[in-house]
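Colleague: I would like to go through the helix packing and the charged pairs. Please state the cut-offs as you go.

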Amino acid sequence: MSYQKAKVYYDGSHFIAMPPENFPRRKRRYKPKPKREVSDSPKAKFEMAYSESQSLPKRERKKYIKEKLQDTFLTEERAKEFIESNIERKKTNAAKRRVRLMRKVYLQEWNYFVTFTFSNELHTEKTFKEKLRNTLKHMVSRKGWKYIGVWERSPEKNRLHFHGIFYIPEMIGELVEVKDYSTKSHRMQTTFQNTHFQKHFGRNDFKELGRLEDVMQSVRYLLKYIEKSNERLIYGGKLPTYFVSDIFDDDIICPYGVDGRKAILFDKFTCIEDGCIVGQASEEVIKQMPKCN
């Protein structure tokens with residue numbers, strides 16, 4: 001046997017194994033709570049300018065940040081170095097979040113893309129956010145829901161929405177078919193709205209996700225918003241990143257990654273838990289395997 005208790009993830013094309021001996025866990029050290037960033041510090045100014053620049057065309061973003069920070073540094077060279085390093089930090093962190101997101105998405109089952117729309121007849125924006133988050137929290141603990149979502153404002157009316165992909169094993173309320181006029185596509189549309197959420201929050205849309213391509217299209221939709229608005233994704237429920245399996249030598253195609261520390265596996269590799277064969281990799285078999293982050 002080549003690896004024991006390897007972390008395994010799917011990258012959209014292949015299963016990838018990460019043997020624990022190649023990725024030793026570091027002991028967590030206590031980190032003091034970071035001090036609140038001073039509002040006029042270079043980093044705070046950069047964060048503000050970076051956030052504001054996201055509404056601009058890509059070619060103009062760096063110029064905007066430079067103008068906002070031009071009086072912060074003694075030399076133009078130092079300002080340029082600071083801006084470049086922090087933009088690179090932002091890009092690296094965003095890439096890591098996307099990788100983490102995709103690994104979680106591929107490992108879960110998803111059956112709905114859902115949108116909740118703020119109604120000023122029922123809530124203020126503050127109570128809408130608070131009560132929706134609380135309701136979803138109860139759905140996670142009581143009904144086994146899972147979700148990955150993002151807050152977004154419509155470009156026309158600036159109305160607040162929450163978009164997310166959901167796994168809903170047990171629905172509350174009822175889904176009813178509603179026909180109305182779409183101001184976005186300028187034509188009649190048919191949607192399915194949930195009676196419980198309609199009563200307590202207002203407009204909502206539940207769209208079934210069937211094929212993997214439907215799920216991936218919805219994920220790209222979420223990524224578009226976090227890249228546009230710099231919002232962070234919100235996770236709900238147990239959403240592990242990997243499943244754990246022992247790996248046979250014959251199931252390894254080749255080494256992979258930096259210094260070959262990972263391994264690409266055959267699609268039908270054998271899943272093994274504590275020395276016992278569970279079966280060939282499949283949706284049902286992977287559900288039975290232990291999970292981790």
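Modeller: Buried means under 20% relative accessible area, exposed over 50%, and partly exposed in between, with a 1.4 Å probe and protein chains only. This is a predicted model, where local features need pLDDT of at least 70 and side-chain atom pairs count only at pLDDT 80 or more, while totals for chains, interfaces and linings use all residues. Residues are numbered from 1 along each chain as its sequence is written, and side-chain values use heavy atoms, with hydrogens and water left out.

Colleague: Is Lys66 buried, partly exposed or exposed?

Modeller: The relative accessible area of Lys66 is 42%. Because buried means under 20% and exposed over 50%, Lys66 is partly exposed.

Colleague: At what angle do the axes of H1 and H3 cross?

Modeller: Helices are DSSP runs of H or I with at least four residues, strands are runs of E with at least two, and both are numbered from the N terminus. Axes are lines fitted to C-alpha atoms, for helices over the stretch in contact, and angles run from 0 to 180 degrees between N-to-C directions. The axes of H1 (residues 42-53) and H3 (residues 76-107) come within 11 Å and cross at roughly 60°.

Colleague: What does that make H1 relative to H3?

Modeller: Angles under 35 degrees count as roughly parallel, over 145 as roughly antiparallel, 65 to 115 as roughly perpendicular, and the rest as oblique. The crossing is at roughly 60°, which makes H1 to H3 oblique.

Colleague: Which residues in H3 meet H1?

Modeller: Contact means heavy atoms within 4.5 Å. From H1, the residues are Pro42, Lys43, Phe46, Glu47 and Tyr50. Their partners in H3 are Phe82, Ile83, Asn86, Ile87, Arg89 and Lys90.

Colleague: With which residue does Glu47 form a salt bridge?

Modeller: A salt bridge is a side-chain nitrogen of Lys or Arg within 4 Å of a carboxyl oxygen of Asp or Glu. Glu47 is partly exposed at 25% relative accessible area. For its salt bridge, the closest N and O atoms are 2.8 Å apart, and the partner is Arg89.

Colleague: Which residue meets Lys66 in a salt bridge?

Modeller: Lys66 lies in H2 (residues 58-69) and its partner in H3, so the pair ties together parts that are ten residues apart in sequence. The N to O distance is 3.1 Å, and the partner is Glu76.

Colleague: Is Glu76 buried or exposed?

Modeller: Glu76 has a relative accessible area of 57%. Glu76 is therefore exposed.
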